[in-house]
Amino acid sequence: MADTQATVFLKANRVSYTEHEYDYVEHGGTEVSARALGVPEHEVVKTLVMQDEEGKPLIVLMHGDRKVSTKNLARQAGRKRIEPCKPEAAQRHSGYQVGGTSPFGTKKRLPVFMERSIRALPRIYINGGRRGFLVRIGIEDLERTLQPQLVDVALDD
């Protein structure tokens with residue numbers, strides 16, 4: 001399988017990972033990948049590209065079965081407002097096609113905010129840099145390489 005920017009980044013940072021492919025479904029979200037891989041959706045972490053009131057991009061890592069409270073995120077991140085980026089802006093900031101966005105190997109280094117409860121999982125499934133492709137990594141490797149700011153912003157989906 002051809003490397004993605006994400007797998008190049010993981011290898012360069014000596015992160016041990018396993019590759020998991022599934023049939024991508026447009027707007028299927030983490031429910032589709034979790035079902036295809038036979039894992040709880042809570043262990044599939046989505047990478048969301050958002051922006052603050054000044055249009056500055058940031059990444060939010062959230063459990064697949066939860067939503068982000070943008071109001072709580074803005075407060076905890078010290079911003080006035082945070083909202084999802086439009087798909088073309090998200091692609092421009094991250095270098096990834098929407099549905100294939102990975103927090104690893106982004107075009108520019110973006111601030112990363114991670115739902116605190118993700119730390120309770122020993123391993124997670126997260127996008128590997130293209131649609132239909134997840135990598136399974138240890139949470140300690142994610143924290144070491146991305147140094148995310150921990151937040152409590154999950155809402156039940």
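A nonpolar core is a set of buried Ala, Val, Leu, Ile, Met, Phe, Trp, Tyr and Cys residues joined through side-chain atoms within 4.5 Å, where buried means under 20% relative accessible area with a 1.4 Å probe and protein chains only. The model examined here is predicted, so local features need pLDDT of at least 70 and side-chain atom pairs count only at pLDDT 80 or more, while totals for chains, interfaces and linings use all residues. Residues are numbered from 1 along each chain as its sequence is written, and side-chain values use heavy atoms, with hydrogens and water left out.

The largest nonpolar core holds 27 residues, of which Leu61, Phe104, Ile124, Ile126, Ile137 and Leu142 touch the most other members. Elements giving two or more residues to this core include helix 1 (5-12), strand 7 (123-130), strand 8 (133-138) and helix 5 (139-146); helices (H or I, at least four residues) and strands (E, at least two) are DSSP runs numbered from the N terminus. Apart from this core lies another, of 12 residues, among them Leu58, Val60, Val68 and Phe113.

Leaving aside neighbours within four places in sequence, isoleucine 137 is in contact with residues including Val15, Ser16, Phe104, Ile124 and Leu142. Aspartate 141 lies in helix 5 and counts as buried because its relative accessibility is 14%. Its C-alpha atom is separated by 9.5 Å from that of arginine 123, 18 residues apart along the chain.

Conventions: Buried < 20%, exposed > 50% of the residue type's maximum accessible area, 1.4 Å probe, protein only. Contact = heavy atoms within 4.5 Å.
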